[in-house]
Amino acid sequence: MNATLGDIETELRFYGGMEPEYVHKQIHRVPATDVVDRVRSIAPRCAGKRVLSLGCTGYLQEAIDAVAQRSYGIDCQSQEREWFYQMDLDDFEEFPKFDVDLIVCGEILEHLANPGRLLAALREYEVPVVITVPNAFSEAGMASLRRGIENVNREHVSYYSYWTLHELVTRYGFEVAEWH
């Protein structure tokens, strides 16, 4: 890294009296990125592909169904749709196998008590996986907290930031190719 003296001075001021071990373990820079509309970003990736969609509801699923060659779905709630499999993603004996090119795991990990178990099952597919989760540090969430309100779905059991999600997925053998 080619830091300028100004960069080094800024970094020293930021870390202040923190011990190097603490900085190494606890302080993580978040890579810069852009904000995208998740439906508009994910749907084109599904075009013409056989897609396994976990959670498979809402606008994202409608967009996937409109462009995918075939859209398999898994959710804990029964649905009247072709190629649907009902199962609890937190409590399964064996994960079903589908012939797919892509897996979309849209807004589901934050509902699971053991998301690593699901990721281990998905890793067996050896296909790209698109994961979306609510941002733990979103502006809307922070604004609510400043008013003493937690703005969160009652069914969520965890929050994810860039680093906590990065750590989770890399522990299970995935590589983060991009993030928004």
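1. Leaving aside neighbours within four places in sequence, Glu110 is in contact with Thr132, Val133, Pro134, Glu155, His156, Val157, Ser158 and Tyr160, where contact means heavy atoms within 4.5 Å. Glu110 itself belongs to the loop between strand 4 (102–106) and helix 5 (115–123). Helices (H or I, at least four residues) and strands (E, at least two) are DSSP runs numbered from the N terminus.

2. The model is predicted: local features need pLDDT of at least 70, side-chain atom pairs count only at pLDDT 80 or more, and totals for chains, interfaces and linings use all residues. Residues are numbered from 1 along each chain as its sequence is written, and side-chain values use heavy atoms, with hydrogens and water left out.

3. Glu110 is buried yet has no salt bridge; the nearest side chain of opposite charge, that of Arg38, is 7.9 Å away. Buried denotes under 20% relative accessible area, exposed over 50%, and partly exposed in between (1.4 Å probe, protein chains only). A salt bridge requires a side-chain nitrogen of Lys or Arg within 4 Å of a carboxyl oxygen of Asp or Glu. For charge, Lys and Arg count as positive and Asp and Glu as negative, whereas His and the chain ends are not counted.

4. Overall, the chain contains seven helices and five strands, and from the N terminus on its elements run α-α-α-β-α-β-β-β-α-β-α-α. The C-alpha trace spans about 60 × 40 × 30 Å along its principal axes. Of the 180 residues, 34% are buried. Among contacts between residues at least 6 apart in sequence, 57% join residues at least 24 apart.

5. The five strands form an open sheet in the order 3-2-1-4-5, with parallel pairing; two strands pair if DSSP finds at least two bridges between them. Strand 3 (84–86) and strand 5 (129–132) stand at the edges with a single partner strand each, so one side of each has no neighbour in the sheet. Neighbouring strands are turned by 15 degrees against each other on average, direction ignored. Axes are lines fitted to C-alpha atoms, for helices over the stretch in contact, and angles run from 0 to 180 degrees between N-to-C directions.

6. Strand 1 (residues 50–54) runs parallel to strand 2 (residues 70–75), and five bridges join them. Bridge partners include Leu54 with Ile74 and Ser53 with Gly73. Helix 3 (residues 38–46) packs on the sheet, where it touches strand 1, strand 4 and strand 5; the direction of helix 3 makes about 160 degrees with that of strand 4. Four of the five residues of strand 1 are buried, so this strand is largely enclosed by the rest of the structure.

7. Helix 4 (residues 58–67) has Leu60, Gln61, Ala63 and Ile64 buried. Seen down the helix axis, the buried residues fall within an arc of 160 degrees and therefore line one face of helix 4; the arc is that of the directions from the helix axis to the C-beta atoms. Tyr59, Glu62 and Ala66 are exposed on the other side. The cover over the buried residues of helix 4 includes helix 3, strand 1, strand 2 and strand 4.

8. In helix 7 (residues 162–171), the buried residues Tyr162, Leu165, Leu168 and Val169 fall within an arc of 140 degrees down the axis, so they line one face of the helix. Helix 5 and strand 5 are among the elements covering them. Just after helix 7, Gly173 adopts a positive phi of about 85 degrees.
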